[in-house]
Amino acid sequence: MKFAGKVAVVTGGSRDIGRAICVKLASEGAHVVVNYNSNEKDADATLAEIETVGGKGIKVKADVTKAADVDALMAATREAFGDAIHILVNNAGGLVARKTLEEMDEEFFNYVMQLNTTSTFLACKAAVPFMCEGSAIVNLASLAGRDGGGGGAIAYATSKGAVMTMTRGLAKELGPKGIRVNALCPGMIATSFHDKFTPDTARENVANSTPLRRQGKAEEAADLVAYLASEEASFLTGNNVDINGGLAYS
């Protein structure tokens with residue numbers, strides 16, 4: 001129970017990797033705030049899994065691209081579990097759609113940046129005043145932030161590259177306060193993200209090109225988040241950690 005007595009906020013926690021993170025942290029004793037925006041049913045399912053592993057959590061609706069909503073999310077967290085926030089996981093984000101440079105307009109590009117990068121900034125800004133020494137922030141970047149992503153993922157890859165750079169900058173700024181900041185760079189993880197945006201043949205090709213010859217699991221990403229948030233990683237900060245089965249190396 002490495003997170004007993006600690007409070008964790010997980011943005012985009014209602015499904016896939018976000019849900020796995022919520023359940024993993026709860027299984028290790030954390031009180032978990034499951035943030036969602038559009039699908040309350042999925043958030044309820046996450047809470048049910050948290051209860052199954054003996055954990056405690058609440059759900060909070062918030063659009064994390066909006067400062068007022070993020071402030072309300074942190075306020076709800078403190079009202080439920082006290083003033084301290086020990087773990088922030090910035091998982092909310094998405095590809096939105098695959099569009100080439102020719103197909104993109106300014107509105108689309110800006111929205112993807114807001115969804116993936118601005119949301120991370122806003123959540124960190126709102127949570128850090130309530131984070132004490134020994135707290136941790138874990139961001140969700142992507143392999144796309146390293147290699148530019150697949151076809152039609154320019155905006156997404158750019159936004160995740162920005163998250164990687166923000167992670168390094170935050171680590172430098174918050175390190176003297178005893179707050180660590182790291183990020184994951186997942187490769188092909190079997191989630192509804194790829195169910196929606198990646199053809200089966202492409203997924204098979206990626207899996208077959210990976211040394212481990214498979215896609216990753218949401219639970220494997222959650223295990224890494226839990227490690228980075230724990231005292232076991234107490235001298236790790238500013239890292240963008242690859243989790244891709246050996247598909248690519250930093």
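**Side-chain contacts and helix packing in the predicted model**

The side chains of Asp-63 and Thr-65 are joined by a polar contact of 2.7 Å. A polar contact is a pair of N or O atoms within 3.5 Å; within protein, one must be able to donate a hydrogen and the other to accept it, and residues adjacent in sequence count only if both atoms are side-chain atoms. The structure is a predicted model, in which local features need pLDDT of at least 70, side-chain atom pairs count only at pLDDT 80 or more, and totals for chains, interfaces and linings use all residues. Residues are numbered from 1 along each chain as its sequence is written, and side-chain values use heavy atoms, with hydrogens and water left out.

Asp-63 sits in the loop between strand 3 (56–61) and helix 3 (67–81). Helices (H or I, at least four residues) and strands (E, at least two) are DSSP runs, numbered from the N terminus. The relative accessible area of Asp-63 is 18%, so this residue is buried. The classes are buried (under 20% relative accessible area), exposed (over 50%) and partly exposed (in between), with a 1.4 Å probe and protein chains only. With neighbours within four places in sequence left aside, Asp-63 is in contact with Asn-37, Asp-69 and Val-70. Contact means heavy atoms within 4.5 Å.

A second polar contact involves Asp-44. Its side chain meets that of Lys-59 at 2.5 Å. Asp-44 belongs to helix 2 (residues 40–52). It is partly exposed, with a relative accessible area of 36%. Asp-44 and Pro-176 are 132 residues apart along the chain, and their C-alpha atoms are separated by 38 Å.

Charged pairs were treated next. A salt bridge is a side-chain nitrogen of Lys or Arg within 4 Å of a carboxyl oxygen of Asp or Glu. The count by this rule is 11 salt bridges. One of them pairs Arg-146 with Asp-242, with the closest N and O atoms 2.7 Å apart. Arg-146 lies in helix 5 (residues 144–147) and Asp-242 in strand 7 (residues 240–243), so the pair ties together parts that are 96 residues apart in sequence. Arg-146 is partly exposed at 31% relative accessibility. Asp-242 is also partly exposed, with a relative accessible area of 23%.

Glu-220 and Arg-214 form another salt bridge, at 2.7 Å from N to O. Glu-220 is partly exposed at 27% relative accessibility. Arg-214 is partly exposed at 37%. In the salt bridge of Arg-78 with Asp-83, the closest N and O atoms are 3.7 Å apart. Here Arg-78 counts as partly exposed, at 27% relative accessibility, whereas Asp-83 is exposed, with a relative accessible area of 53%. Salt bridges also link Lys-24, Glu-28 and Asp-223 in a network.

Helix packing was examined for helix 4 and helix 6. Two packed helices are described by the angle between their axes and the distance between the axes. The axes of helix 4 (residues 106–127) and helix 6 (residues 154–174) come within 9 Å and cross at roughly 20°. Helix 4 is therefore roughly parallel to helix 6. Axes are lines fitted to C-alpha atoms, for helices over the stretch in contact, and angles run from 0 to 180 degrees between N-to-C directions. Angles under 35 degrees count as roughly parallel, over 145 as roughly antiparallel, 65 to 115 as roughly perpendicular and the rest as oblique. Helix 4 contributes residues including Phe-108, Phe-109, Val-112, Met-113 and Phe-121. Among their partners in helix 6 are Ala-155, Tyr-156, Val-163, Met-166 and Leu-170.

Ala-157 also lies in helix 6. At 7% relative accessibility, Ala-157 is buried. Beyond its neighbours within four places in sequence, Ala-157 is in contact with Ala-144, Gly-145, Gly-148 and Gly-149.

Asp-16 is not a glycine, yet has a positive phi of about 55°. Asp-16 lies in helix 1 (residues 16–27) and is partly exposed at 26% relative accessibility. Arg-213, likewise not a glycine, has a positive phi of about 60°. Its place is the loop between helix 8 (200–209) and helix 9 (218–229). Arg-213 is exposed, with a relative accessible area of 53%.
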